[in-house]
Amino acid sequence: MDLTPRFTLGSVIEDLAPAGSIQEGLIMSKSCCSHQHAAAPIKAVSKSAAPQAEHQHDSHCCDQAAPVSCCASQAPHDHQDHAASGAPEGEEPPRGGCCATPPPAHARHAHDGEHDHHEHAVAAEPPLDAPEQNSRRHSWQVLGMDCPSCARKIETAVSRVSGVQQARVLFATEKLVVDLAPGLSPDPVTAAVLAAGFQLKGERSGKQEPSRERGPLQTLLTKYWQPLSLAGLMLVAALLPSQVGQPLFTLATLWGLWPISRKAWALTKSGSPFAIETLMTVAAVGALFLGETAEAAMVLLLFMLGEHLEAYAAGRARAGVTALMALVPDKALRIRTTAEGEVREEVAADQLRPGDIIEIAPGARLAADARLLDALGAFDESALTGESIPVERRQGDKVPAGSLAADRVLRLEVVSEPGNNAIDRILHLIEEAETQRAPIERFIDRFSRWYTPAMMLVALLVVLVPPLAFGQSWDEWVYRGLALLLIGCPCALVISTPAAVTSALAAATRQGALIKGGAALERLAHIDTVAFDKTGTLTLGKPQLTELVSLNGQPEAELLALAAAIEQGSHHPLARAVVTAASERGLSLAAAQALRALPGMGVEGRIDGTLWQLLAPSRVATLDAAMQARVATLEQQGKTVVVLGQPDATPAALLALRDQIRPEAAAALQELNQLGLQSIMLTGDNPRAAEAIASELGMGWRAGLLPEGKVDEIAKLGLSQKVAMIGDGINDAPAMKRASIGIAMGGGTDVALETADAALTHNQLGGVAAMIRLSRAALANIHQNIALALGLKAIFLVTSLLGITGLWIAVLADTGATALVTANALRLLRKR
């Protein structure tokens with residue numbers, strides 16, 4: 001199978017271009033008609049529907065009745081897994097088995113439903129829906145979001161616009177995605193965002209001034225002028241006598257209150273009346289009326305500092321995505337052949353189409369996925385795979401977008417459509433992850449919606465009840481009520497989970513793993529059993545022909561040429577191994593006719609009018625006892641055996657193939673064992689070969705499994721355990737859907753990658769244990785953050801009611817809690 005890294009991302013934060021390197025000239029508003037939504041910038045893959053990926057033939061079996069992206073009509077030579085079990089019929093089915101007749105579409109859908117009853121299907125949040133018929137999808141880059149609650153405010157504001165069918169803000173990529181009814185202009189949407197106090201890139205109000213280089217001091221003043229000016233006024237007021245200082249503190253409060261109150265009013269009008277800005281405005285105005293001008297100014301200053309702290313934390317967490325977006329250049333050098341000769345022209349990257357010839361200079365990055373045309377080329381793919389050593393590519397090899405030419409000028413042929421290169425696909429998956437929030441995150445979100453109004457009600461009761469019922473001082477209890485109001489700010493609580501989740505996802509990405517959202521991260525932390533596919537997962541997926549045994553006295557070279565002739569055109573690893581062996585020996589292959597896959601059995605084709613078959617040993621009735629003993633001996637060595645022959649005739653040859661175990665597999669399984677996890681191998685291969693490999697790795701095994709057999713095994717294990725399924729092929733996709741969490745190898749098929757909840761983008765099994773350690777650390781971090789946020793709230797709730805702490809201590813506690821929660825979450829970025 002094609003092991004070119006796809007959907008891969010390694011360390012992209014430290015050594016890449018900053019956010020400013022993303023071209024400002026990009027059009028940030030995109031739209032697509034509903035019937036073209038496959039090419040939209042957002043591609044949502046639901047666990048409850050089969051992914052619509054391009055059908056490929058590099059899996060273990062393309063014609064099984066799997067409920068994920070299986071084609072009912074097969075290609076003329078759609079190779080299935082003919083390396084079958086040596087077990088007798090009626091006991092264990094042969095490896096990679098396929099049903100002779102795939103079920104109709106409605107049956108497949110029903111089948112999906114049967115296998116969608118696992119835990120995370122219930123917990124998963126609905127992904128971004130496809131646009132409705134004739135609707136148009138628009139997307140913008142949003143500026144000024146500090147935390148996930150900002151994203152919710154924007155969604156609320158946009159959802160109130162007439163004609164909006166769906167609105168979603170993807171916080172990680174700072175993208176607003178809106179589906180509008182047919183014929184409507186997107187202008188009301190941009191107006192709603194601006195009215196809510198946020199900005200869209202390319203939609204800034206006023207005339208755009210030419211960009212100028214700013215010095216560090218000017219950048220600092222531009223970014224922090226509000227808190228700096230407020231702090232300066234407060235400092236002057238504190239140094240002057242009280243007669244002058246008091247009015248200055250009042251002026252400072254009004255100065256700081258103006259932008260906050262404006263935003264509070266804008267958010268109230270757009271449907272978010274209980275925003276933090278509203279609480280701060282009420283508290284500051286109340287403090288002014290009580291004469292506590294210094295405290296009112298301090299409340300606003302601490303709030304501004306907290307906002308900038310949140311923005312910094314969000315920027316750190318999004319740094320990986322920002323660097324990833326900067327990997328692909330926006331220009332490319334295209335070579336066109338005309339009657340006058342070759343013409344070199346610089347074009348925008350989005351103008352490149354499959355088949356275009358491009359030239360890349362040393363030190364430049366690829367603007368699209370491409371196939372190498374030169375004989376040899378070295379590419380630095382460290383930004384995508386994490387491997388620091390340049391990778392040698394040969395003519396015809398695919399090179400992912402974002403790779404850097406290492407040593408010389410190279411020519412390549414573009415193979416990806418605009419918006420669908422390796423980097424784009426990772427960004428799409430990251431955006432998908434945004435829609436799959438952890439259950440604990442959704443609970444905190446729901447809780448915070450009620451928490452703030454409830455605290456405002458409690459604060460009102462604190463203000464009214466003691467003076468009215470017990471004749472207490474109004475000033476004292478209004479002051480305590482205002483302090484309580486500030487404690488009602490949910491910022492630390494709201495950010496406690498998404499900060500940890502975002503940091504963990506960024507850390508995983510830097511380590512070569514892609515986890516699709518908080519829901520997958522949370523499930524991963526609870527896994528106690530890991531099930532592995534064999535070929536391409538525990539093994540390299542590059543089997544080699546080790547032996548060819550002639551059974552009829554015919555020369556081995558002739559027999560190998562016959563076998564290779566009916567294997568031509570197949571992308572199956574075993575077929576490739578046979579064809580490669582023939583090629584290495586310089587054999588000429590005859591043109592086979594009527595090539596046909598025999599589901600669950602093997603493959604056949606006619607050569608010079610004679611029908612030849614390559615079958616699993618269990619499907620050959622003419623094997624005598626001596627031949628069966630020979631097959632058993634080979635299989636006990638961990639080899640897969642296929643039989644070459646003609647129907648109802650004595651077999652002509654035995655072909656034995658062996659796949660190499662991944663060098664890191666044993667160490668990876670040992671790491672999982674140290675984490676207290678059990679490992680089991682699920683394979684369609686014959687039991688003897690499976691046992692040989694499983695014994696070498698020290699793990700349990702189940703062999704001779706059809707794709708639906710793997711699903712059943714996962715279901716049985718899932719009755720008492722939380723199971724993760726790791727695979728790389730189309731026939732692994734149903735089992736990955738049925739498991740608590742599915743993990744795809746980065747070199748696997750697109751179907752497996754899209755079905756999975758996580759992907760090992762560097763294609764190394766050692767990443768499984770690292771991923772689980774990180775998920776467990778993230779869950780512990782979330783619990784710490786929630787305890788910290790609620791604990792500090794509880795303490796200062798009591799002290800405020802007792803009159804021990806005042807306004808500025810209350811807001812300091814809130815800002816401090818936000819700072820502590822954020823700092824604690826950022827520790828995950830260093831987790832290994």
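How many residues does helix 14 have, and how far does helix 14 reach from its first C-alpha to its last? Before I answer, please keep in mind that what we are looking at is a predicted model. Helix 14 covers residues 491–510, which makes 20 residues, and it reaches 28 Å between those two atoms, close to the 28 Å expected at 1.5 Å a residue.

Let me stay with this helix for a moment. A kink of about 25° lies at Thr497, shortly before the proline Pro498. As for its surroundings, helix 14 is mostly covered, with 20 of its 20 residues buried, and the helix is followed by Gly512, a residue whose phi is positive, near 90°.

Now to the record. The unreviewed UniProt entry lists four stretches under "transmembrane region", namely residues 278–303, 450–470, 482–507 and 782–802. In the model, residues 782–802 are 95% helix and 0% strand, with end C-alpha atoms 30 Å apart, while the span 278–303 is 88% helix and 0% strand, and its end C-alpha atoms lie 12 Å apart.

In general, strands of a sheet pair through backbone hydrogen bonds, either parallel or antiparallel. Here strand 12 is joined by two bridges to strand 9, residues 370–372, and the two run antiparallel; within that pairing, Ala370 has Val399 of strand 12 as its bridge partner.

Note on methods
Residues are numbered from 1 along each chain as its sequence is written. This is a predicted model: local features need pLDDT of at least 70, side-chain atom pairs count only at pLDDT 80 or more; totals for chains, interfaces and linings use all residues. Side-chain values use heavy atoms; hydrogens and water are left out. Two strands pair if DSSP finds at least two bridges between them. Helices (H or I, at least four residues) and strands (E, at least two) are DSSP runs, numbered from the N terminus. UniProt positions are given in the numbering used here, feature names are shortened, and annotations may be inferred rather than shown by experiment. The expected span of a helix is 1.5 Å times one less than its number of residues. The bend at a residue is the angle between axes fitted to the seven residues ending there and the seven starting there. Buried means under 20% relative accessible area, exposed over 50%, partly exposed in between (1.4 Å probe, protein chains only).
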